[in-house]
Amino acid sequence: MKVAVVGATGLVGTRMLQVLAERRFPVTEIIPVASEKSIGRIVKYTGPVAGVEGETEWTVVSADDAIAKKPDLALFSAGGGTSAELAPKFAAVGCRVVDNSSHWRMDPTKKLVVPEINGDVLTADDYIIANPNCSTIQMVLPLAPLHKALKIKRIVVSTYQSVTGAGYRAINQMNTERTGAEWGTYDAKFPYPIDQNILPHIDVFEENGYTKEEMKMVNETKKILRDDSIAVSATTVRVPVQGGHSESVNIEFEKDFTLEQVRDLMASMPGVTIQDDPANNVYPMPLFAWGKDDVFVGRIRRDTTVPYGINLWCVSDNIRKGAATNAVQVAQKLIELGLLPNE
């Protein structure tokens, strides 16, 4: 299978290549695509190619050159504007596109997919498939079985999102600040220092007072769980952590439950690991979720203010399950459904 990675030199793009290799994805050719300044750079791939083991090197090409190769699959992580322009061009040559930007997510003609939850929505007609927001993915994965069994009425979520969610500039800003550099003397991604600070501001503010990131969680949750009746309120916050997003989630159900039932339901979801033994200081933390594909859930307890509510804490590597891994899993689902070649 010819696989293009659009945004191959970026933070998520490089992780996509890593996950493809780790999962031994059926590749015959890697087609790395990046901005004009990166054309000609060499990208290394460590997975098997056409069944042959060993590291291979691939030259970054332009989007036009990639489209001319007619890839079977394109994994996009290059921003909404690039996706809006290029995804239809790749699709037009018969390429299946899995797009990590927000551009296609709420388009009613496009599927928004977390494979463990709603991979069944994919059909032969789907040539542009949206990858959800990182914070949404890690929340809905453990909540999906709860919604199916207990019917979620309302979700209130506060996120604690690492700087990796904002790319290389954000990482460099935090690391530069940790050297003691004076504000204003270095390239900053955020409007304020992030080291020793917390920013209640991710993406742009909208007219309703919420940020675009917060409204992504609201709208995407309903689409993925296929239920517009769920009430969702989100506050998204940037914290000075290198990698891994954390979320405090309050859920109110229509039905009663036991905590054992709640734990069992979440544990039954592939990709969810329960870490919930507070007596022994066992709970999820981004330090230990980084580099892993699972969503880790703990601090599971009843909400004492409503009849049928719980609080929980979930943590996940936002670059892996929140982006690259989920995109590759979508591609694997397409193979499973016979919509991509398994060679």
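**View 1. Surroundings of Val27 in the predicted model.** Val27 touches Met1, Val3, Tyr45, Pro48, Val49 and Ala50, leaving aside residues up to four places away in sequence; contact means heavy atoms within 4.5 Å. Val27 is placed in the loop between α1 (11–22) and β2. Helices (H or I, at least four residues) and strands (E, at least two) are DSSP runs numbered from the N terminus. With a relative accessible area of 4%, Val27 is buried; the class buried requires under 20% relative accessible area, exposed over 50%, and partly exposed lies in between (1.4 Å probe, protein chains only). A distance of 6.7 Å separates the C-alpha atoms of Val27 and Val3, which are 24 residues apart along the chain. This is a predicted model, in which local features need pLDDT of at least 70 and side-chain atom pairs count only at pLDDT 80 or more, while totals for chains, interfaces and linings use all residues. Residues are numbered from 1 along each chain as its sequence is written, and side-chain values use heavy atoms, with hydrogens and water left out.

View 2. Five bridges join β1 (residues 2–6) to β2 in the parallel sense. Lys2 has Glu29 of β2 as its bridge partner.

**View 3. A nonpolar patch on the surface.** The patch is formed by Tyr283, Met285, Leu287 and Phe288, which together have about 410 Å² of accessible area. Phe288 belongs to helix α9 (residues 286–289). Patches consist of residues with over 30% relative accessible area and no salt bridge, like charges being joined within 9 Å and nonpolar side chains (Val, Leu, Ile, Met, Phe, Trp, Tyr) within 5 Å. A salt bridge is a side-chain nitrogen of Lys or Arg within 4 Å of a carboxyl oxygen of Asp or Glu. Accessible areas come from the Shrake-Rupley method with a 1.4 Å probe; for residues, only the protein chains shown count as cover.

**View 4. The chain as the setting of the close-ups.** The chain contains ten helices and 14 strands. Its C-alpha trace spans about 60 × 55 × 45 Å along the principal axes. Of the 343 residues, 53% count as buried. Among contacts between residues at least 6 apart in sequence, 68% join residues at least 24 apart. The chain exposes about 14,700 Å², of which carbon and sulfur atoms supply 50%.

Terms used. Pairing = 2+ DSSP bridges.
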